[in-house]
Amino acid sequence: MIRIQNFINGELVAPVKGQYIDNYEPATGKVYGEIPNSTEEDVELAVIAAEKAFPIWSNMTNEERGAIMMRISLGIEKRMDEFVAAESRDNGKPLSLAAHVDIPRAISNFHFFATAVEHFASESHYMEGMGINYTTRKPIGVVGCISPWNLPLYLFSWKIAPALASGNCVIAKPSEITPYTAYLLSEVVKESGMPAGVLNIVHGLGQFAGDAIVKHPKIKAISFTGGTKTGEYIARTAGPMFKKLSLELGGKNPNIIFADCEFDEMVKTTVRSSFANQGQICLCGSRIFIERSIYEKFKAAFIERVEKLTVSNPTDPNAKMGAVVSKPHMEKVLSYIELAKEEGGTILTGGHQVHLEAPYNEGYYIAPTVIEGLSYDCRTNQEEIFGPVVTLTPFDTEEEVLMMANSTVYGLSATIWTSDLKRAHRTADKVQAGIIWINSWLVRDLRTPFGGVKASGVGREGGWEALRFFTEAKNVFIPY
Ligand code: NDP
């Protein structure tokens with residue numbers, strides 16, 4: 001049994017009330033560890049430590065802070081295999097995915113913001129004949145970072161790295177479903193030379209530990225990634241306290257395929273954009289719209305490839321898909337497949353749980369599922385499923401597909417496939433989303449703005465956007 005601890009004031013400590021919750025391994029369905037069930041008392045200790053550390057950390061130069069963060073980046077890299085195994089075990093994702101995507105990206109997040117902050121400049125505005133304005137950008141103070149289970153260390157570090165680089169002290173809560181790599185990170189941070197109390201990691205449930213972070217009056221900003229419902233609650237709670245808020249929420253992303261695209265490249269990438277990480281990436285394209293003239297050709301080629309995806313235990317080197325993250329989540333995804341049938345959809349492939357041999361016979365595996373025959377506005381096509389389920393819908397005109405693509409409450413990302421340059425720009429301009437990939441998917445440059453519109457969130461992460469979020473601007477005017 002692995003028992004993890006909170007990281008408060010530079011020490012690994014037990015929760016104040018001594019209560020723990022079970023941590024399940026999605027691949028086997030068995031409990032393999034315990035995590036602190038932290039409460040407001042633990043958050044209070046973390047805030048006291050962070051307040052004490054703030055003058056020390058915020059008065060360091062960017063280079064000094066950056067050097068410590070580089071040591072964290074290297075510290076993760078040195079323990080790469082351990083981090084990869086922990087992420088895969090905690091989340092159910094194939095080892096190969098954790099090794100190629102999750103952990104390398106967490107390493108880059110620290111590296112990127114450690115150096116980015118040295119290039120971050122504030123503005124000056126000259127007023128002809130009158131004087132000059134200059135803007136300072138100072139760290140906010142103590143900030144809260146709350147992250148989800150789908151890309152655990154990847155998204156956790158995506159928030160805490162810019163918060164720390166810009167001089168803030170952080171109270172962070174990873175998802176209680178996938179806490180293991182955040183715990184390993186606290187071991188790395190302990191050895192990095194970062195002053196005690198700068199980064200505090202409080203494990204536990206959203207309703208207790210998360211809520212205490214959101215409500216704490218001394219935590220001045222909240223950076224949250226998770227579901228839209230939770231985001232709405234956080235906005236409702238933190239808004240009247242005038243906290244700065246960055247909310248990265250759910251999605252129901254359209255994948256728009258025109259007949260003139262490079263077909264083979266499109267099919268290959270569409271399999272990935274549908275089922276990578278068991279479809280549990282907020283950027284996966286779950287609604288696939290195909291121009292009618294190539295609908296049947298696409299359907300045949302896509303299903304042929306999807307049926308070759310091996311669903312297996314995450315340690316199997318042949319696994320292209322592992323387990324989904326939890327039993328309740330598996331049940332939710334399966335219930336959406338049932339809903340799709342009730343709504344008149346036809347299951348073209350998948351549509352069921354996958355039962356592996358022991359010791360994986362109680363794991364949470366779902367076959368990649370492709371559904372057709374649904375209207376664009378039914379619940380299956382409007383609500384976020386966040387699993388290995390996609391729908392196929394034909395379209396005849398650009399106007400029609402844009403109407404369907406924009407018909408949900410969400411607006412996170414979209415993918416457009418076409419060889420017509422003008423059409424690519426025109427449709428990119430009209431799709432309601434914060435991130436668009438043309439003839440590609442999930443190409444990430446950490447300098448670009450990241451986030452969604454409508455119910456997919458408020459604010460942007462990445463590059464300068466993140467450093468701006470984690471600093472307060474002050475303008476100073478001096479007359480001549
Ligand atoms: P949740 O909203 O359930 O949880 C996200 C985090 O918030 C968890 O750490 C959770 O803790 C915590 N939390 C839950 N309730 C509260 C509360 N009342 N106050 C404070 N914190 C709380 O999301 P999931 O973890 O299920 O993640 C999946 C969702 O995340 C999907 O909707 C997906 O689209 C979205 N997502 C968005 C991304 C984006 O960039 N826009 C990227 C990745 C995912 P606990 O685990 O204990 O519930």
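Which residue in β19 is the bridge partner of V370? The partner is V390. This is a predicted model.

## Strand β18 and its neighbours

Strand β18 covers residues 369-372. It pairs with strand β19 (residues 389-395) in the parallel sense. Four bridges hold that pairing, and one of them links V370 to V390.

Strand β15 (residues 346-349) also joins β18. Here the two strands run antiparallel, over three bridges. On this side, T346 has E372 of β18 as its bridge partner.

## Burial of β18

In a regular strand, side chains alternate between the two faces of the sheet. In β18, T369 and I371 lie on one side. V370 and E372 lie on the other. Are these four residues buried or exposed? All of them are buried, so both faces of the strand are covered; the cut-off for buried is under 20% relative accessible area.

## The largest pocket

The largest pocket holds about 980 Å³ of space. Its lining has 39 residues. Nearest the centre are W149, F224, G226, G227 and T230.

Helix α8 gives the most, with six residues. By class, the lining has 16 nonpolar, 14 polar and nine charged residues. Domain 1 (2-249 + 456-479) and domain 2 (253-445) each supply at least three of the lining residues.

## The second largest pocket

The second largest pocket has a volume of about 660 Å³. It is lined by 27 residues. L97, R272, A276, N277 and K320 are the closest to its centre.

Two elements give two or more residues to the lining: α4 (95-119) and α9 (263-275). Which of the elements gives the most to this lining? It is α4, with six residues. The class count is 15 nonpolar, four polar and eight charged residues.

Why does this pocket lie between domain 1 and domain 2? Because domain 1 (2-249 + 456-479) and domain 2 (253-445) both give residues to its lining.

How values were computed:
Residues numbered from 1 in each chain as written. Predicted model: local features only at pLDDT ≥ 70, side-chain atom pairs only at ≥ 80, totals over all residues. Heavy atoms only, no water. 1 Å grid on protein atoms, 1.4 Å probe; cavity = no way out; pocket = protein on both sides within 12 Å on 5 of 7 lines; lining within 4 Å. Points joined across faces, edges and corners; volume = space filled by probe spheres on them. Nonpolar A, V, L, I, M, F, W, Y, C, P; charged D, E, K, R; others polar. Domains from an automatic or database assignment. Buried < 20%, exposed > 50% of the residue type's maximum accessible area, 1.4 Å probe, protein only. Pairing = 2+ DSSP bridges.
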